[in-house]
Amino acid sequence: GVGMPLAIYPAYALGGPPLVELMIAVLGALAFVLAAALARRVVPEPWASAAVLAAGLSPPALAAATTVSPEPIGAALIAAASLCAVRVRERARLRHAYAGAVLLALLVWLDPALAVAGLPAAVCLVRWTSLEGRRLVALIIAELMLGSVVFFARLNETLFGGPLPSAAAATAEDAAGIAERAPNLLGLWLDPAAGLLRWAPVLALAFVGAWLLARSRRGRVAAAIPARREAEAVAALLVATVVAQWLIASFTVEDPEGPWFPGLPLFVAVPA
């Protein structure tokens, strides 16, 4: 795709590969800073900052700091868009709605897989904007995000003969092999050599958080405590982001082990 080369071109033109690596590191760090702002809406301090610090200093996150790939940039965009969606829910500011839509519209140009990871943020952004009485704005931002995807697909149809840049090299065997990647659903987390939990066991707490969210919803605690309702909404957005990236990463990599650090396909979900 054209998005990644365009994103790194200014840094490459000014300082070559070292400046590109520095830019990636800054954007990766920004993703965790934004994640801390989201975490404070779910749990109080010091737990929010401690959790983000533990994830940000884990080996997979540190390895991503200089890995030139779309994932760190996508993580920053999705974290920023998620924060915009939450702020729309809190105050219904138009600038947050439009900013979130623009950030999410850029994802497909970096990597089509990132658009799937950003889908929960997109749905929440449109839904929460509509619930705040801004239905016209919700329609506009939905059209902006969908229009970006449609234009991306049309451009690739013209250039490569398919909706994705990889269409020119795609084969029937590639499509048939997708089902064979189902073991990656566990392998990306639990593979003895390359599983994400082998290198960052602290991320297992994400599953605990998802369980606590489900238990809270079953108990309908939010009906009695308004603050819990807001915390549940943000937590549900984060869990959905992790699940979306988990699914897309599982079926777009051939094997958990590859020419990257363990867990790179899941890095977009690490801040969440």
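S69 sits in the loop between α3 (59-64) and α4 (70-91). Helices here are DSSP runs of H or I with at least four residues, strands are runs of E with at least two, and both are numbered from the N terminus. This is a predicted model, where local features need pLDDT of at least 70, side-chain atom pairs count only at pLDDT 80 or more, and totals for chains, interfaces and linings use all residues. Residues are numbered from 1 along each chain as its sequence is written, and side-chain values use heavy atoms, with hydrogens and water left out.

Is S69 buried or exposed? S69 is buried, because its relative accessible area is 8% (buried means under 20%, exposed over 50%, partly exposed in between, with a 1.4 Å probe and protein chains only). Its side chain makes a polar contact with the side chain of E71, at 2.9 Å. A polar contact is a pair of N or O atoms within 3.5 Å; within protein, one must be able to donate a hydrogen and the other to accept it, and residues adjacent in sequence count only if both atoms are side-chain atoms. Setting aside neighbours within four places in sequence, S69 touches M4, I24 and L264 (contact means heavy atoms within 4.5 Å).

## V242 in helix α13

Over in helix α13 you'll find V242. V242 is also buried, given its relative accessible area of 15%. Leaving out neighbours within four places in sequence, its contacts are W189, A269 and A272. As for M4, V242 is 238 residues away in sequence and 22 Å away in space, C-alpha to C-alpha.

## Aromatic pairs

There are six aromatic pairs in the structure. Rings of Phe, Tyr and Trp (its six-membered ring) pair if their centres lie within 6.5 Å; planes under 30 degrees apart count as stacked, over 60 as edge-to-face and the rest as tilted. One of the six is W109 with F151, a tilted pair at 5.7 Å centre to centre and 50° between the planes. That pair links distant parts of the chain, with W109 in helix α5 (residues 94-110) and F151 in helix α8 (residues 135-160), 42 residues apart. W109 counts as buried because its relative accessibility is 17%, while F151 counts as exposed at 52%.

F207 and W246 form an edge-to-face pair, 6.3 Å centre to centre with 90° between the planes. This one also links distant parts of the chain: F207 belongs to helix α12 (residues 205-218) and W246 to helix α13 (residues 226-252), 39 residues apart. F207 is partly exposed at 39% relative accessible area, and W246 counts as partly exposed at 21%.

W109 and F151 turn up again in one aromatic cluster with F152. Elsewhere, the charged end of R198 sits over the ring of W199, 4.7 Å from its centre (NZ of Lys or CZ of Arg must be within 6 Å of the ring centre and within 35 degrees of the ring normal).

## The whole chain

How many helices and strands does the protein have? The count is 13 helices and zero strands. Of the 272 residues, 43% count as buried. Among contacts between residues at least 6 apart in sequence, 70% join residues at least 24 apart.

The C-alpha atoms fill a box of roughly 55 × 45 × 45 Å, taken along the principal axes.
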